[in-house]
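Here is a short tour for anyone meeting this structure for the first time. Have a look at the sequence and the fold, then read on.

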Amino acid sequence: MWRVWFIAGLILGSLVLSLLRGGQSFSLEYGALSRFLPLGVLIPVLFFGGLTMGFGARWAGGCTSGHGLASTASRSPASFVATISFLATAILITFAIHFATGGRL
């Protein structure tokens, strides 16, 4: 039954957001990243980014939020290391992208 509520929440949430934004807007943009990268480059970047995230999550034995929320709460040393490495990598990549684009992204 939770799956039904999950799908209903996705649909209802997207409808509410659409109404709050003043109507539907369809585009191929992906936020600020799509303003910096052309679509032909953006698609492979997103694909390989998702692939490496999935590989990393599988290799770490869970997902980033699972390690961060559930396993650190149970004081798992491996999950503390995994969560710190996820956050440190995200911060470093964010600063690198910000520096490489001159603050435009």
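## An aromatic pair

Searching the whole structure turns up one aromatic pair. Rings of Phe, Tyr and Trp (its six-membered ring) pair if their centres lie within 6.5 Å; planes under 30 degrees apart are called stacked, over 60 edge-to-face, and the rest tilted. Phe47 and Phe48 have ring centres 5.2 Å apart and planes at 80 degrees, so this pair is edge-to-face.

How open are these two to the outside? Phe47 is exposed, at 53% relative accessible area, while Phe48 is partly exposed, at 48%. Here buried means under 20% relative accessible area, exposed over 50%, and partly exposed in between (1.4 Å probe, protein chains only).

## Where this comes from

This is a predicted model, so to speak of local features a pLDDT of at least 70 is needed, side-chain atom pairs count only at pLDDT 80 or more, and totals for chains, interfaces and linings use all residues. Residues are numbered from 1 along each chain as its sequence is written, and side-chain values use heavy atoms, with hydrogens and water left out.

## The largest pocket

The largest pocket holds about 400 Å³ of space. Of its 13 lining residues, Met53, Phe86, Thr89, Ala90 and Ile93 are the closest to its centre. A pocket is an open set of points on a 1 Å grid over the protein atoms alone, where a 1.4 Å probe fits, with protein on both sides within 12 Å along at least five of seven lines; lining residues have an atom within 4 Å of a point.

Which helix gives the largest share of the lining? That's α5, with seven residues. Both α3 and α5 (77-100) supply at least two lining residues each. Helices are DSSP runs (H or I, at least four residues), numbered from the N terminus.

## Spots on the outside

Trp2, Phe6, Ile7, Leu10, Ile11 and Leu15 make up a nonpolar surface patch, with about 650 Å² of accessible area together. Patch members have over 30% relative accessible area and no salt bridge, and nonpolar side chains are joined within 5 Å. A salt bridge puts a side-chain nitrogen of Lys or Arg within 4 Å of a carboxyl oxygen of Asp or Glu. Areas come from the Shrake-Rupley method with a 1.4 Å probe. Phe6 sits in helix α1 (residues 2-20) and is partly exposed, at 48%.

Over in helix α4 you'll find Leu69, which is exposed at 66% relative accessible area. Its C-alpha lies 28 Å from that of His98, 29 residues away in sequence.

Terms used:
Patches are made of residues with over 30% relative accessible area and no salt bridge: like charges are joined within 9 Å, nonpolar side chains (Val, Leu, Ile, Met, Phe, Trp, Tyr) within 5 Å. Grid points are joined across faces, edges and corners, and a volume is the space filled by probe spheres set on the points.
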